[in-house]
Amino acid sequence: MTETLDIKITKTTQSRLAETDFNKLPFGRTFSDHMLVADYQDGEWKNFEILPYGPIAMSPAISALHYGQSFFEGLKAYKFDDGRVSIFRPDANAARFNTSAERLCMPQLPEEMFIQSLMTLVDIDRNWVPAKDNHSLYIRPFMFATDPFLGVTPSQTYKFVVITGPTGPYFSKPLRVKFETHFTRAAEGGFGYAKAAGNYGGAMLPARKAVEEGFDQLIWTDAKEHLYIEEMGSANAMFVIDGKLVTPSTRDSVLKGITRDTIIKLAHNWGMPVEERLVAVTEIVEAAQNGKLEDAFGAGTAAVVAPVGSVTYNGTEYTLSDPATRQFSQKVLSTLDAIRYGRAADPHGWNYVI
Ligand code: PLP
Ligand code: COI
């Protein structure tokens, strides 16, 4: 770290920790005692402050609300068996944070500011990091435009905010998914690769319709022909076909998932062939029919590894093998858990121990 960031710290006098039920932690509903807030003004980041979690006052005219100059990140902190707390790959999220910022015409946040903000905040709320398998502290950094101006032009001022909250498993059962062949999440030339708030708002209606049809999730296909797989809900789609790890290559319309990248690196370590390329829906359907689809899952921070139980294409459902018998995703999960809970060596330097 080049320079130590000056962060003003005001701790809460009324911690909510004692009244929080750590046995009941649905994703995204419980928030830790503190948050971090910083301002971008006059071309620089300033006023870094950690304060009790709570409302933020803002003008009703901010372009984040009207024109979507807003994006976020998602990552996790884990508690080691020895009590230490570690954030998983925050450097990768810091880099992607700036990729999103660039696409939305928003300012860069130096990586060391991002990482130090997260580490200081998580350190203060370290008792909120659950000490339990399949549990972690979800960290949600985000940035939004704050100029009180209705002109459609990039804001001059922004806020960087980090909130956190303890969480358990995101999905509890294998997912029944459909290939989406009408709606589109993102297109070439668009901003699907950014974690822009608007990408998620636009995905809600298609996701709700899929749920109404009895599915848990949908798999997005390309905007032009709806023939090639892009992503699975809010996770990257990964498959094992005939002993090879196959996943759609990242492009304008696909988020460059950090879990995806982590799993690809593990597969390389294990000497497994990895194919990042266009993946046709029909290829997955045929592999399922021929018994060659050995594994299929969504990979993401919140979802971790979410097994696909069945895929439906043009009204026909193909049921996949029992997730408990899938060698690859089981090995990924146990290896990742061992690293993230500090039980195994971390040769890639993924853990940022606080
Ligand atoms: N794709 C989308 C659209 C997402 O929202 C996410 C979640 O962050 C992912 C993929 C997976 O990315 P990561 O593994 O970095 O969390
Ligand atoms: C994440 O995995 O961090 C996500 O962003 C997914 C979702 C909760 C939006």
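The side chains of Arg89 and Asp261 form a salt bridge, with 2.9 Å from N to O. A salt bridge here is a side-chain nitrogen of Lys or Arg within 4 Å of a carboxyl oxygen of Asp or Glu. The count between domain 1 and domain 2 is one salt bridge. The model is predicted: local features need pLDDT of at least 70, side-chain atom pairs count only at pLDDT 80 or more, and totals for chains, interfaces and linings use all residues. Residues are numbered from 1 along each chain as its sequence is written, and side-chain values use heavy atoms, with hydrogens and water left out.

Domain 1 spans 8-169 and domain 2 spans 175-340; such bounds come from an automatic or database domain assignment. Their centres, taken over C-alpha atoms, lie 27 Å apart. Domain 1 brings 21 residues to the contact and domain 2 brings 23 residues (heavy atoms within 4.5 Å).

The size of an interface is often given as the accessible area lost when the parts come together. About 1,800 Å² is buried between domain 1 and domain 2, and carbon and sulfur atoms give 60% of that area. Buried area is the accessible area (1.4 Å probe) that two parts lose on being put together, summed over both. Phe72, Arg96 and Arg103 supply 34% of the area that domain 1 buries against domain 2, more than any other three residues.

How values were computed
Chains lettered and ligands numbered in written order.
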